[in-house]
Amino acid sequence: MAGVLAIPMDRMGSGTTWIPDAVSLPAHHFKLSDWTAMLHGFVFGQYDHQSGPRGDDQWGSLNWGMLMVSRELGGGHFQARTMLSLDPFTVTKRGYPLLAQTGETFDGQPLHDRQHPHDFWMELGAIYERPISSKLALSLYAAPSGEPALGPVAFMHRPSAMDDPVAPLGHHWQDATHISFGVLTLGLFTSRWKVEGSIFNGREPNEERWDFDRLKLDSYSGRLTVNPDSQWSFALGYGFLKSPESLEPDESLHRTTASILHGRRLGADGQWATSVVWGANADGRQRVTHALLVETEAILDRQNTLFARADRTEKSAGELVLLSGPGGVASDRLFKVSAFSLGYIRELARPGPTTLGLGIRGTLNVLPQALEPYYGSRTPTGLVVFLRLRPVHNRAMHAMPGMKMEHHAGASP
């Protein structure tokens, strides 16, 4: 399935991001009259245990579903899409336990050691792409809820992380803008590179997870993406985010991101995807904090999937909410926190065009000594046991460099 400039439709990640052509996201494609439709999404039903005095236990479900419809229009290609999540109900508006995680609020207080839920309206938008020559094209993306051209592919859409239910610790340094209430993006691209500029709402989503936040276009960003061949995708982005945190309305951020994505086929039925992602936030006090992750996922065959992640993030005492701890900690003191995770999924059944897998994910956190009094250990652990339901892959084969042909939906897990 090729789009403008014969670019495979499978190259699209979240928002207007690109992934390597050699790997794909699982989806179900079908026709609706003159429209081509695509459904994809994930449902995780999990038990989440995080150890220590700041840990917690939770039974819940992380989930999202996406519908895209597209057709040729006016000499170009038009696509409308919506992505929805029931996270605010299935893991509550407080989110799920995750040691050393920070970002957003609950009951007017900063969330810490928990990952916030996705909003119900994860995305509602449209994109129009039109060639202006045989090798050059323009794109326009507009979304009341969508993703600006800034960060890498959002973690749940990265082939290197799609079967991992847990968000990275550096989410708010790297890809948290994947839900922004108000986005306009203009892009210029060839089959190998794309340059984009966005104006968007820099505020993080509020605690009312079921509605649309007030739409704003008060921030800006730009991103360069290069896909030199079918196996690699490189991206570099910069953005100014006006007042991202509701508890600090006078504080704005400058965010810089960079990512390297690699993917390749693995045997007859699998694929192997790896990502390196870096992000940095510079606040109004000229303080710069960094987050780095390396993650990989290997679909070994029709039954077995392995995934792993290592991430390291600089977080302040204020973000970790340590001010009332033993002896008190200055709110701007920085701590380097790390997490190393390994997971495995075994496919159990194939109901219809989907696959059901049983998975387990273990995490070893590594914290500085100063955080031991708060977490009870320098190496607290996490464990998630889950059932995962998602579409089977529409296994794609390369017809020629940069192009794919679709096979039947049951060709691989």
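I started with a count: the structure holds 11 cavities of 30 Å³ or more. I'm keeping in mind that this is a predicted model.

**Entry: the largest cavity**

I looked up its volume, which comes to about 230 Å³ for the largest cavity. Next I wanted to know which residues lie nearest its centre. They are M9, D10, H29, M38 and M68, out of 18 residues that line the largest cavity. Then I checked which elements give two or more residues to that lining, and I found β2 (35–50), β3 (57–73) and β4 (76–84). The largest share comes from β2, with 4 residues. I also sorted the lining of the largest cavity by kind: 10 residues are nonpolar, 6 are polar and 2 are charged.

**Entry: the largest pocket**

I moved on to the open side of things. The largest pocket has a volume of about 730 Å³. I listed its lining and got 30 residues, with E245, E248, S316, G318 and E319 lying nearest the centre of the pocket. Which elements each supply at least two residues here? I noted the strands β5 (96–106), β6 (109–115) and β13 (253–266), plus the helices α2 (171–174) and α3 (317–320). Of the elements, β5 gives the most to the lining of the largest pocket, at 4 residues.

Conventions: Residues are numbered from 1 along each chain as its sequence is written. This is a predicted model: local features need pLDDT of at least 70, side-chain atom pairs count only at pLDDT 80 or more; totals for chains, interfaces and linings use all residues. Side-chain values use heavy atoms; hydrogens and water are left out. On a 1 Å grid over the protein atoms alone, a cavity is a set of points where a 1.4 Å probe fits but cannot get out, and a pocket is an open set with protein on both sides within 12 Å along at least five of seven lines; lining residues have an atom within 4 Å of a point. Grid points are joined across faces, edges and corners, and a volume is the space filled by probe spheres set on the points. Ala, Val, Leu, Ile, Met, Phe, Trp, Tyr, Cys and Pro count as nonpolar, Asp, Glu, Lys and Arg as charged, and the others, Gly among them, as polar.
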